[in-house]
Amino acid sequence: MTAGRAYLDYNATAPLRAEARAAVLGCLSDVGNPSSVHGEGRAARGRIEEARLKVAALAGARPAEVVFTSGATEAAAMVLQQSWQSILFSRVEHPCVVAPVLAADARVAEMPVGRDGMLDLRAVEVLAAAHAGRDGGRPGRSLLVVQAANNETGVLQPVAELAAMARAHGMSVLVDAVQAAGRMAIDMGALGADFLMLSSHKLGGPKGVGALVIREGADVAPLLTGGGQERRRRAGTENVEGIVGFGAAAEAASRGLAAEAGRLAEMRDALERDAVAAAPGTIVVGGTSPRLPNTSCLAMPGAKSETVVIKMDLAGVAVSAGAACSSGRVGQSPVLAAMGLDPAVARAAIRVSLGHATTARDIASFLAAWRAAAGARTGNCGGRRTSAGASPVESSIR
Ligand code: PLP
């Protein structure tokens with residue numbers, strides 16, 4: 001991280017943990033291909049298997065259930081490219097889920113999302129009954145996809161309840177645990193997941209590596225074919241350094257998880273209190289729902305998210321916008337739209353996400369920049385002036 005800056009964008013990617021850095025550096029000069037039978041090859045294989053144990057422990061899974069991939073996007077693709085008869089999903093899912101679901105040759109149904117960002121269990125029950133795996137198809141040919149925690153708001157879904165419902169109707173369950181893993185306890189069995197997606201870089205490991213955890217007995221035809229790596233479930237020479245770094249990050253994130261979650265929640269709650277006091281009418285999106293301890297989605301009345309993000313960046317604070325800003329056009333976040341948020345509120349939303357290296361000083365830097373942004377509210381995206389729009393306070397989701 002750059003000295004003097006406050007990095008508060010952990011949900012985009014977390015800084016590399018010291019443990020992961022040391023682990024990666026420790027094997028960069030190793031030569032062995034993990035598939036080779038000689039000593040060098042066996043050493044590389046050993047490093048991968050050690051990492052597999054750590055990643056399995058993070059997910060409450062068995063090591064043999066972990067398949068290393070290039071990230072969660074590939075893990076999602078592995079499951080979603082299977083020939084499903086029907087798929088249930090929602091619009092708060094990450095684009096790496098939404099895009100392949102919409103492209104799938106399957107009956108696709110959207111699970112409704114409440115204004116609190118949570119799925120409506122009763123509506124899902126009706127949909128699951130209508131799309132049951134037993135209904136006209138072989139058992140297990142229907143899939144329910146759900147995220148454990150949302151990347152923009154941190155809102156948690158009742159995954160265990162949803163999975164139990166889906167399984168009662170013969171459906172398989174894919175859980176996107178990318179934002180939850182390493183921030184709250186995850187247990188594949190307790191969640192009732194058949195498939196679970198993980199990503200290394202969200203928890204302080206290297207980028208470009210992740211995993212699909214496949215419950216023993218669940219079946220997935222490989223996306224990449226060729227060699228017999230990963231028990232014939234993912235061909236290609238393994239990214240040994242990345243996998244080793246992922247394992248080290250998973251182990252470090254699992255250590256003292258509850259205490260770290262408490263520390264982050266305390267800082268996040270103080271940040272929200274002070275942000276609302278500095279700009280009265282500020283909305284904490286998803287603030288009434290169970291949330292990750294590290295995430296805050298804040299909408300300042302009369303502000304434009306992209307303007308706030310740029311001002312913050314200039315002040316040395318890295319946060320994200322809830323709405324996309326490209327070529328002078330402001331696009332609304334599909335997640336916030338799915339929650340039924342007033343477009344004016346959604347256009348003001350920024351995401352602040354904390355993590356393992358966040359300090360009280362970072363929070364103070366954010367609040368100073370937030371106060372400055374609150375003092376000068378005019379919209380500007382891509383150099384083009386935009387109007388401030390209606391007051392978000394009037395259409396608050398609270
Ligand atoms: N799912 C969620 C909730 C995410 O936030 C992300 C990354 O932003 C992904 C999936 C994709 O992960 P990866 O970067 O490993 O492909």
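Begin by selecting helix H11 (residues 305-314) together with H14, which pack at an angle of about 130 degrees with their axes 9 Å apart. Here helices (H or I, at least four residues) are DSSP runs numbered from the N terminus, while axes are lines fitted to C-alpha atoms over the stretch in contact, and angles run from 0 to 180 degrees between N-to-C directions. H11 and H14 are therefore oblique to each other, given that angles under 35 degrees count as roughly parallel, over 145 as roughly antiparallel, 65 to 115 as roughly perpendicular and the rest as oblique. H11 passes H14 in a right-handed crossing, a term used if the near helix is turned clockwise from the far one by less than a right angle.

This is a predicted model, in which local features need pLDDT of at least 70 and side-chain atom pairs count only at pLDDT 80 or more, whereas totals for chains, interfaces and linings use all residues. Residues are numbered from 1 along each chain as its sequence is written, and side-chain values use heavy atoms, with hydrogens and water left out.

Next, select helix H5 (residues 121-130) and helix H6 (residues 159-168), where the axes come within 9 Å and cross at roughly 20 degrees. H5 and H6 are therefore roughly parallel to each other, and H5 passes H6 in a right-handed crossing.

Now turn to the ligand and select the residues around it, which are Gly-71, Ala-72, Thr-73, His-94, Cys-96, Asn-151, Asp-176, Val-178, Gln-179, Ser-199, His-201 and Lys-202; a residue belongs here if one of its heavy atoms lies within 4 Å of the ligand. This shell divides into three nonpolar, seven polar and two charged residues, with Ala, Val, Leu, Ile, Met, Phe, Trp, Tyr, Cys and Pro counted as nonpolar, Asp, Glu, Lys and Arg as charged, and the others, Gly among them, as polar.

For the polar contacts (pairs of N or O atoms within 3.5 Å), display the side chain of Asp-176, which has an N or O atom 2.7 Å from a nitrogen atom of the ligand. On Gln-179, a side-chain N or O atom is 2.8 Å from an oxygen atom of the ligand, and on Lys-202 a polar side-chain atom lies 2.6 Å from an oxygen atom of the ligand. The protein covers 86% of the 400 Å² of accessible area that the ligand has on its own, as computed by the Shrake-Rupley method with a 1.4 Å probe.

Note on methods: A polar contact is a pair of N or O atoms within 3.5 Å; within protein, one must be able to donate a hydrogen and the other to accept it, and residues adjacent in sequence count only if both atoms are side-chain atoms. Helices (H or I, at least four residues) and strands (E, at least two) are DSSP runs, numbered from the N terminus.
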